[in-house]
Amino acid sequence: MEIFSNILIYFVIVPLLTLAGLALCRNKGIGAIRTVAVIGASALMVLAIALVAIFLQERGAGNEAEMLLTGSWTWYEPLNIKLSLGVDGVSVVMILLSAFIVFAGVFASWKMDPLPKQFFLWFFLLSTGVFGFFISIDLFTMFMFYEVALIPMYLLIGVWGSGNKNYSAMKLTLMLMGGSAFLMLGILGIYFHSSADGNLTMNVLEIAKNNAIPENWQLFLFPMTFVGFGVLGAMFPFHTWSPDGHASAPTAVSMLHAGVLMKLGGYGCFRIAIYLMPFAASELSWIFLTLTGISIVYGAFSACVQTDLKYINAYSSVSHCGMVLFAILMFNQTAMTGAVLQMLSHGLMTALFFALIGMIYGRTHTRDIRDMGGMMHIMPFLGVGYVIAGLASLGLPGLSGFVAEMTIFIGSYENTDVFRRVLTILGTSSIVITAVYILRVVGKLLFGAVQNEHHRQLTDANWFERLSTTTLMLSVAIIGCFPNFFVDIIRDSFVPVVKALNEFFPVAGI
Amino acid sequence: MSFDFSILVLALPLFMFLFLGLVGVKMGKKITGVVGTIAMGVTLFICYSIALTYFFGTDQKQVIDGVRQSVLAYDWNWLTFTDKLVVKLGILLDPISAMMLIVISTISFLVHLFSLGYMSDEYGKPEKGFQRYYAFLALFTFSMLGLVVATNIFQMFIFFEMVGVSSYLLIGFYYTSPAAIHASKKAFIVTRLADLFFLVGIMVLSYYTNTFDFKELMASPESALSTAHGQTFMGCSVMAWALTFIFIGGAGKSAMYPLHIWLPDAMEGPTPVSALIHAATMVVAGVFLVARLFPLYVLEQGAMNIVLVVGAFTALYAAAIACVQSDIKRALAFSTISQIAYMMTALAVSSNVGEGIHEGGLGYMASMFHLFTHAMFKALLFLCAGAIIHAVHSNENSHMHGLHKYMPITSIAFLIGCLAIAGIPPFAGFFSKDEILVACYEKSPLWGVWMAIVAGMTAFYMFRIYYLIFHWKKHEVKEGHHAPHDMQWTMTLPLIILAVISCVAGFIPFGDFVTVDGKPLETHTNWPVAISSVCIALVGIGLATKMYYKENKLPSQLKSKFNGLWTAAYNRFYMDELYQFITHKIIFQKICKPIAWFDRHIIDGTMNLLADMTTSASFAIRKLQSGSIQSYVLVYFVGAILLAAITMVIVLI
């Protein structure tokens, strides 16, 4: 069949095959389960790297199309539901990010107990949803995959979580479902206005080309979709699922959730809300800029007083993800490129953080920084990893956080209006607050005297933990050292959206 | 001759950092140190070749019309922001960067060598974390070299951050000590705050000039500044704001008041590190930054005046504190702050005499000269302090006294350092300080007198430290300890080398090499200024000799007489307490905690309230589905009657 000649579809098929493989394993056959999971994750990583190569080759060959590798297959004719695939630079790097995190996540949950088979089943179902979302350019399939990615979260936290897990799982799922209710409304609204001549379509590219959504409808639908995705992107004041959810989630789920799932929010805001409704975006951006601006500073300040490692990172995520949405709303290529870099950076770095926290928690059985100290002495590998993650988070040059934040700040400052400039300068202040809470944790957790004598017997990371964290550390360093490789892939993808915005908003640099 | 090989000065230290950091643990400790030191020796050799080729090379293109040209050896695109704003990483060689290469590589190499002994115990066994120490030293050297050869302001910012983090790692080297953790954290956060301003300054500057590149900015500073013509913010031109913000960034690294508070605490790090980072190289990054952008600052006198006032005030303020400190390293730290402020002031008084940038560039040249000589003699003083601390295992000068007899080489080296910093001819400090004073007098006699007073105080406090360490009274050897003695050759050799440099560096005809516009600058000794400054220094030394050479009651009498002033200066005029109050009592207690509370109780509370309301509403509604037929029938009939009534009303009306 023609559909199978498109590499993109394999990003859904491979996880599904892994699911099937896992289903065939015996419940107790941990060796077989691990083998299948590793094969699945590695295959996804190879596919993702191949996709980057293909993408670069196509672009190098002068293919200037907005989306590459497009294809469309009708699924349900009466409702115009199609499976439309296609990628641009943004989705390519998002797929790459997801593949790396899934790979690291498999190794981080090497010793998953109990029910390892079921855990990996849900884990790969979640991955299917994530990859499916990024390869789709059809509103319906996007929404469908989005839901596929959300639902397993409930079980993953509810069954394998820790602490107040029932409450957290319920809260997370309900809040995100609330968001997708808004999103559903928004998508239906967009669909029914997708064309002026009655040929309704779900295809994002066609809707953008038709540019037929009436302005008053845009003003109604834009907030729906933006808030719908914004909930997932931890936008103030809809972020409170994040601290509780992360605190209760098992390691790999926290990694995948902060590393990839939260990116669905930012990606959706850009791809659906802003791209399809540029008029409303430029009219209403001030509201959401204010909210995301608050997120940045508010999350950072909140992180300063937390004592639970996971809460610190959850609030730090609020701050960093706030920066993603903030940059997208700055409406120029540079800032938006920065937003994608920040998504990559935050994804890898937070996944690394959560992996390390999980490994530390697995040994000490506490996440309270007041009960720990001198870990650098006891587990040097994990300690160094934590410092690297921390330095990436506070924006050390050579690691990913720096390039992302600098691109965002320089891009945001390109806007000439006072409102955006003031917000930009407010946003830059986060680099200091971030340094405060990161160094506070590093000082308390890793340095100083050993607080608890029992901790002296703890061991350092073993091979699978090293593999998992090293993958992430290297990725963080590669982005930080060779940012232009990624910028070249990402940057041109924003030309269409910036052009669309330019009709209503004075975009800098056009 | 081409400068293709110059990339090695960055590549080699970076490689050494990765190499020592990754495989150092597997190697023996001693070997790591030796390998690190040899690699640094090679780097030193490369740096000297670059600088010598640059200054004495016979290439025709290097000097055009008597003006020394800058050379762009490398320039790679690293990160694209916009079409015009591209961050490049590269190597720019010009007089000041070539000079800095010499300073950094010399001090860094000597510190590597010195540390072999310093970081070992009495039996020559290396300390725990020896490999880590050498890896971090290599990282710092890489960052600092990258900073001075920066081709654009963004590269400079990148390496500003890098030196900041290497400084953080090295201050916190003894990571089990709470004081070291606290000091490293403080150093990083204070300089980060300054870097925030630096970043905002870069954003403003690059937005209006559309470039990060130093060469483009310097090619015609007037037109670069005029791009923002007429743009003002709160009454000042945006460029003045940008340059002021950039200066704040430099002030953070260079420990200018009020951002100086991190430097004295940074002395918690190993002493060779203090010599390298917190005396000779990183702390002058701010001066280097202002010098690099000097042609822009000259055109924005508003920003320049801020530099002047901050510099002059800091010089006096830090000198006053240095006079009463009892911890030898902290006293040296305040002395460093004061001397860096000297360089800052020299830059700021430069070139506003209306004679054009060349003739007015005396202060600029003097500042760079002082940077060079100061790096040498201050590193010398710190390494001596390191040798002393290694010998007596304490930082407090009350545990020292009378060491001259036990450590003669260290004593003489320290004395040379003191003479150099006090500005006694023919030692290095005399020449550079003298030119700074001349430049200050030319600007205004006020600043000349002001800086001369600081010079007198410098002489006083340095000799106070010297006498308290090496004389004052007989040394009491603590029981169970060896008598202190001079150290092994790896530690004394650096002292001797630096002492020799401190003696002769003043005779370098600096004006021939480093000037603001690349043309050689004729300097003449200004006899009135020279003689008066030497006299002031001698007064300071005499006073110190009277008070501290032999144990006597005078210092304690003076102390009780001026108790208030003495206590205030000893406590650094309570700046640390002020910061502590602001960060802890206000930001932490009044901002962070309420926000966290608000989040948990108001925002999250609203979400929980919604959930609870849903639950209770469904409980309420649940009663309708009671399952009892009687109540269903009752509801049915009541409903039917009501509907009928409503229908009738509607129909009738």
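Reader: What makes the crossing of α13(A) and α19(A) left-handed?

Author: The model is a predicted one. In it, the crossing of α13(A) and α19(A) is left-handed, because that term applies if the near helix is turned anticlockwise from the far one by less than a right angle.

Reader: Why is α13(A) called roughly antiparallel to α19(A)?

Author: Helix α13 (residues 333-364) of chain A packs against helix α19 (residues 463-481) of chain A at an angle of about 155°, and their axes are 9 Å apart. Angles over 145 degrees count as roughly antiparallel, so α13(A) is roughly antiparallel to α19(A).

Reader: Which residues of α13(A) and α19(A) meet?

Author: Among them are Leu344(A), Leu348(A), Leu352(A) and Met359(A) in α13(A), and Glu465(A), Leu472(A), Val476(A) and Ile479(A) in α19(A). The residues of this contact divide into 12 nonpolar, four polar and one charged.

Reader: What makes Leu347(B) a residue in contact with Val290(B) and Val307(B)?

Author: Two residues are in contact if their C-beta atoms lie within 7 Å, and Leu347(B) has such contacts with residues including Val290(B), Val307(B), Phe294(B) and Tyr364(B), its neighbours within four places in sequence being left aside. Leu347(B), Val290(B), Val307(B) and Leu352(A) are among the residues that touch the most other members of the largest nonpolar core, which has 451 residues. Helix α17 (residues 362-392) of chain B gives the most to this core, with 22 residues.

Reader: How many residues does each chain give to the contact between chain A and chain B?

Author: Chain B gives 37 residues and chain A gives 38. On the side of chain B, α6(B) gives the most, with 12 residues.

How values were computed:
Residues numbered from 1 in each chain as written. Chains lettered and ligands numbered in written order. Predicted model: local features only at pLDDT ≥ 70, side-chain atom pairs only at ≥ 80, totals over all residues. Axes fitted to C-alpha atoms, helices over the stretch in contact; angles between N-to-C directions. Helix = DSSP H or I, 4+ residues; strand = E, 2+ residues; numbered from the N terminus. Parallel < 35°, antiparallel > 145°, perpendicular 65-115°, else oblique. Nonpolar A, V, L, I, M, F, W, Y, C, P; charged D, E, K, R; others polar. Core = buried A, V, L, I, M, F, W, Y, C linked by C-beta atoms within 7 Å. Buried ≥ 20, exposed ≤ 12 C-beta atoms within 10 Å, placed from the backbone.
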